[in-house]
Amino acid sequence: MIRELVEKISLTFLDVPVIKDLMQMPAWTPVQIMNAIIAFTWAVYIWETYLSYRQVLSTVYADFIAPLFDKFTPLPEGTLRARIEELAQSINFPLKKLYVVEGSKRSAHSNAYFYGFFKNKRIVLFDTLMEDYTPLNKEEDKSEENKDEKPKQKTGCNNDEILAVLAHELGHWKLNHVLKNLTIAQVNLFLCFAVFALLYKNSTLYAAFGFHDQQPVIVGLVVIFQYVFSPYNEVLSFLMTALSRRFEFQADAFAKVLNKAADLRGALIKLNRDNLGFPVYDWLYSTWHHSHPPLLERIHALGKLD
């Protein structure tokens, strides 16, 4: 894994002539320094504008755009809803609304997630996650009337397993994983804007790719983000994958603290089956490529917690 990382970074540097040229750049003149300060200021404005846009879009998408493509209905009153509300209250999660989305119209993929800012949180359950709710099981029940056909195994999880899945998801909130990921993403975005603002008018960068008399901004955009940032992106991608895996194990441990370890193991097995996941991977391949640990690694980690 480490060898693969070093080789990819080294080859990227060797294949990009602009790296050598940038390292051999002469000292900046006062005019260039002033232009860099102005460009950096513009980068700050662009970053702030984009951050505000993303926050507005996150709210608008959940309330107005997503319902155009999927049907969201409130989870009916009953045992499951009462237990979810009790779980949220036990960890001070500010639950305001609880929805079921008809994911079965697209696929059998099962999931659950939460969204919302501050004290306005909502939880969304895929109908395929609940074995007593998903239309897929209702269709299977009808097919069982034909005695010549072998009954199919039901999909989804029972109420205890659903609560375990939600305990895992709420663990991400309780442990501030969402806030940490958001902070890292915004710092990275600001860095990208700042570097682009500092380099997009640099003549050495354009000359390295044959543009001696012109400096097209679109060319600078492609060169900086596709070539100059390439080694950085490889390292960042691996680090974010490693961090995501760590967060998943921490969320599983949080579910264990809530006495949901056994139910979470059962839910993980069922979800892996329903989502057609493959439980066995080479650990090096998985470490490099998988933001979520494979099934067996998570079950093994939950066993250690016991």
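## Aromatic pairs

Rings of Phe, Tyr and Trp (its six-membered ring) are taken to pair if their centres lie within 6.5 Å; planes under 30 degrees apart count as stacked, over 60 as edge-to-face and the rest as tilted. On this criterion, a search of the whole predicted structure returns nine aromatic pairs. One of them joins Phe-278 and Tyr-281 in an edge-to-face arrangement, with 5.9 Å from centre to centre and 85° between the planes. Relative accessible area (1.4 Å probe, protein chains only) is classed as buried under 20%, exposed over 50% and partly exposed in between. Phe-278 counts as exposed, at 54% relative accessibility, and Tyr-281 as partly exposed, at 35%. Phe-93, Phe-114 and Trp-173 make up one aromatic cluster.

## Basis of the model and overall composition

The model is predicted: local features need pLDDT of at least 70 and side-chain atom pairs count only at pLDDT 80 or more, while totals for chains, interfaces and linings use all residues. Residues are numbered from 1 along each chain as its sequence is written, and side-chain values use heavy atoms, with hydrogens and water left out.

The protein contains 13 helices and four strands; these are DSSP runs numbered from the N terminus, with helices being H or I of at least four residues and strands E of at least two. Of the 306 residues in the protein, 35% are buried. A contact is defined by heavy atoms within 4.5 Å. Among contacts with a separation of 6 or more, 74% are between residues 24 or more positions apart.

## Packing of helix α10

Helix axes are lines fitted to C-alpha atoms over the stretch in contact, and angles run from 0 to 180 degrees between N-to-C directions. Angles under 35 degrees count as roughly parallel, over 145 as roughly antiparallel, 65 to 115 as roughly perpendicular and the rest as oblique. Helix α9 (residues 217-228) packs against helix α10 (residues 230-257) at an angle of about 45°, with the axes 5 Å apart; the two helices are therefore oblique to each other. From α9 the contact involves Phe-225, Gln-226, Tyr-227 and Val-228, and from α10 it involves Ser-230, Pro-231 and Asn-233. By class, this contact of α9 with α10 has four nonpolar, three polar and no charged residues; Ala, Val, Leu, Ile, Met, Phe, Trp, Tyr, Cys and Pro count as nonpolar, Asp, Glu, Lys and Arg as charged, and the others, Gly among them, as polar.

The axes of α7 and α10 come within 11 Å and cross at roughly 170°, so α7 and α10 are roughly antiparallel to each other. On the α7 side, the contact is made by His-177, Lys-180, Asn-181, Ile-184, Asn-188 and Leu-191; on the α10 side, by Tyr-232, Leu-236, Met-240, Leu-243, Phe-247, Gln-250 and Ala-251. The residues of the contact of α7 with α10 comprise eight nonpolar, four polar and one charged.

Phe-196 is located in helix α7 (residues 177-199) and is buried, with a relative accessible area of 16%. Beyond its neighbours within four places in sequence, Phe-196 is in contact with Val-217, Gly-220, Leu-221, Ile-224 and Phe-225. Phe-196 and Leu-221 are 25 residues apart along the chain, and 7.3 Å separates their C-alpha atoms.

His-168, in helix α6 (residues 159-174), is buried at 4% relative accessibility. Glu-248 lies in helix α10 and is also buried, at 6%. The C-alpha atoms of Glu-248 and His-168 are separated by 8.2 Å, although the residues are 80 apart along the chain. With neighbours within four places in sequence set aside, the contacts of His-168 are Glu-248, Ala-251, Asp-252, Ala-255, Leu-264 and Arg-298. On that basis, Glu-248 is in contact with His-168, His-172, Ser-291, His-292, Pro-293 and Arg-298.

## Annotated transmembrane regions

An unreviewed UniProt entry places the feature "transmembrane region" at residues 27-47, 182-200 and 220-240; UniProt positions follow the numbering used here, feature names are shortened, and annotations may be inferred rather than shown by experiment. In the model, residues 182-200 are 95% helix and 0% strand, with end C-alpha atoms 27 Å apart. Residues 220-240 are likewise 95% helix and 0% strand, with end C-alpha atoms 26 Å apart.

## Positive phi values

Most residues other than glycine have a negative phi. Asn-92 has a positive phi near 65°; Asn-92 is in the loop between α4 (79-90) and β2 (95-101) and is exposed at 60% relative accessibility. Asn-259 has a positive phi of about 65°; its place is in the loop between α10 and α11 (261-274), and Asn-259 is exposed at 67%.
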